[in-house]
Amino acid sequence: MAKILMKGNEAIAEAAIQAGCQAFFGYPITPQNEIPAYFAKKMPKIGRTFLQAESEVAAINMIYGAAATGTRVMTSSSSPGVSLKQEGISYIAGSRLPCVIVNIMRGGPGLGGIQPSQSDYFQATKGGGHGDYHLVVFAPATLQEMADLTKLAFDVAEEYRVPAMILGDGILGQMMEPVEFSDYTPRPKADMSWAATGNDGSKPRSVINSLYMEPSELESMTRDLFATYGIIAERETLVEEYHCEGAEIIVAAYGTVARVVKSVIAQLDKEEGAPKVGLIRPITLWPFPAETFAKAAAQDSVQSFLTVEMSMGQMVEDVQLAVNGAKPVRFFGRTGGMVPTAKEIKDEILSICKGGAR
Amino acid sequence: MKEKRITILTGHFGSGKTELSIRMALNSCQQQKTILLDLDVVNPFFRTNEAKEVLEKRGVQVLAPRFATSQLDIPALTPELDGAFARKDGHLIVDVGGDEDGARVLGRYRRQILEQGYSMWAVVNLMRPFTRNHQEIVEMVREIEAATGLVVTDLINNTHLCSETTVELVLQGQRETEAAALALGLETPVRLAAMRPWIPASMDPQLVIEMDPVLKTPWDMESR
């Protein structure tokens, strides 16, 4: 299939449709509105369901119900709306249900603003709702990845019976790039025999539940869940290492910021006597590619790490844990909808090289 | 072709209305007083207001709904905008939001627009979803006309695939857009908006608007 010019939000919706998403439930919020708008236009034409719920809370509970039948379903929102969904997400994780949740982040806390941000990293990777659980969190940096990772998110969610999240930001959602939709090879269909699809008495009942009155039972269910997380961490961690060989400084960044960092590296490459800079770009934020950072930290050439985010510093904590004190880890961030410029990041790198410890 | 005082740019969102309206304003301001009105109430990102500085330096007056590009995503149409439609002088270029939803806002100014005379351009990029062939282009035009109560007078072929554009793609867009214009019974020939490397040699230069994008992503803006 030939490439088509997409907005990031449209790329997610189209990829979901191609991945066999049967129903979308959501509630509008900037800057992700092209996702429900695209579903609203396309789903009725192909006999699938688009429903604008009365709230984000309603939408996530519709997802809970539909996912219980083993149907591929998606919801999307932006930061404040994703906060509203957290109770439902926790129930979905506790009930071992697959689904895909999209967060096109905007500034927070509170209603915040509508400009791009990465300040929901903690919420996405450290739980968000109550209880012991994780989401598998994918962080695309290009529109091609928004399409491919959306398809992958559905496959991974079903394979391990866990909710997965696509974590983008307002720029990725709104910008346009050519996208090729036939690049992705779907995984074999997962076992869906757990799904509650009606019972004529010929098989045991499928019960979808997250309530355990017996503490030992809940502990054992949670241990099973974490055993699955261990397998996911082993098999599904994704990371890009860019110009890392022989680098003095390794920048850690994901999504939009990683693209700005790449343009900085391209500039520095052209300058004589400029420091050699590499980029580690986590593509899954959970599981976090800690091993990649640990290996980089062990390289002799690497003097220090710089984490750049559109937040006051969230992923930097995972980088620090992974580097484990082997090398200094510094942070630069803009927040509130401000995007770090190439110049700001470059200046930060150069000041570190001049021994500008802070 | 006699230019009308008001030129309205419509089309599916992401078809290139905003870039085209900026380019038209920059071209128009060399001949006459030009006002660029950003009526996009749909999309708060990548919009005319971001090019305001460049435009104002060249003498273009830029007007936008209050709150546009601010932290509130509820744009309000101010009396200042009414004034732009009420006055009789200068070229008024109106950049309208995507789809029929964005175009609906024009309904409020319909009376002034009809009184003063207008051209309404529908911008088409064949590489965008929902305008993949001439049938879909016709469908989009009908939806915009129904929402605005105005008539699309011109189709503009703005087919591109960013840096992966080819002359062949542009020509393919031109053919489909011309087929749509024929189906709609439009009298004016289909214009082409394209960047220089992709302008087909066969195009009548009179019908070509050469593009040079003003709006950029953060990683394209070196040492901003």
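Q: How many salt bridges does the rule count over all chains?
A: First, some housekeeping: this is a predicted model, where local features need pLDDT of at least 70 and side-chain atom pairs count only at pLDDT 80 or more, while totals for chains, interfaces and linings use all residues. Residues are numbered from 1 along each chain as its sequence is written, chains are lettered from A and ligands numbered from 1 in the order in which they are written, and side-chain values use heavy atoms, with hydrogens and water left out. A salt bridge here is a side-chain nitrogen of Lys or Arg within 4 Å of a carboxyl oxygen of Asp or Glu. Over all chains, the count by this rule comes to 26.

Q: Which residue meets A:Lys3 in a salt bridge?
A: Across the interface of chain A and chain B, the rule finds two salt bridges. In one of them, 2.7 Å from N to O, the side chain of A:Lys3 meets that of B:Glu164.

Q: Which element gives the most to the side of chain A that touches chain B?
A: The contact (heavy atoms within 4.5 Å) takes 35 residues from chain A and 30 residues from chain B. Helices (H or I, at least four residues) and strands (E, at least two) are DSSP runs, numbered from the N terminus. Elements that each supply at least two residues to chain A's side include strand S1 (4-7), helix H2 (34-42) and helix H10 (255-270). With five residues, the most comes from H10(A).

Q: Is A:Glu240 buried or exposed?
A: Buried means under 20% relative accessible area, exposed over 50%, and partly exposed in between (1.4 Å probe, protein chains only). A:Glu240 has a relative accessible area of 18%, so by that cut-off A:Glu240 is buried.

Q: How many residues apart in sequence are the parts tied together by A:Glu240 and A:Lys262?
A: These two form a salt bridge, with the closest N and O atoms 2.9 Å apart. A:Lys262 is partly exposed at 25% relative accessibility. Because A:Glu240 sits in strand S9 (residues 239-242) and A:Lys262 in helix H10 of chain A, the pair ties together parts whose separation in sequence is 22 residues.

Q: In which helix do A:Glu219 and A:Arg223 both lie?
A: Their side chains meet in a salt bridge (3.3 Å, N to O). A:Glu219 is partly exposed at 45% relative accessibility, whereas A:Arg223 is exposed at 57%. The two are four residues apart, about one turn of the helix, and that helix of chain A (residues 215-236) is H9.

Q: What is the radius of gyration of chain A?
A: Chain A has 13 helices and 14 strands. The radius is taken over C-alpha atoms, and the globule rule is 2.2 Å times the number of residues to the power 0.38. That rule gives 21 Å for 358 residues, and chain A comes close to it, so chain A is as compact as a globular protein of that length, with a radius of gyration of 21 Å.
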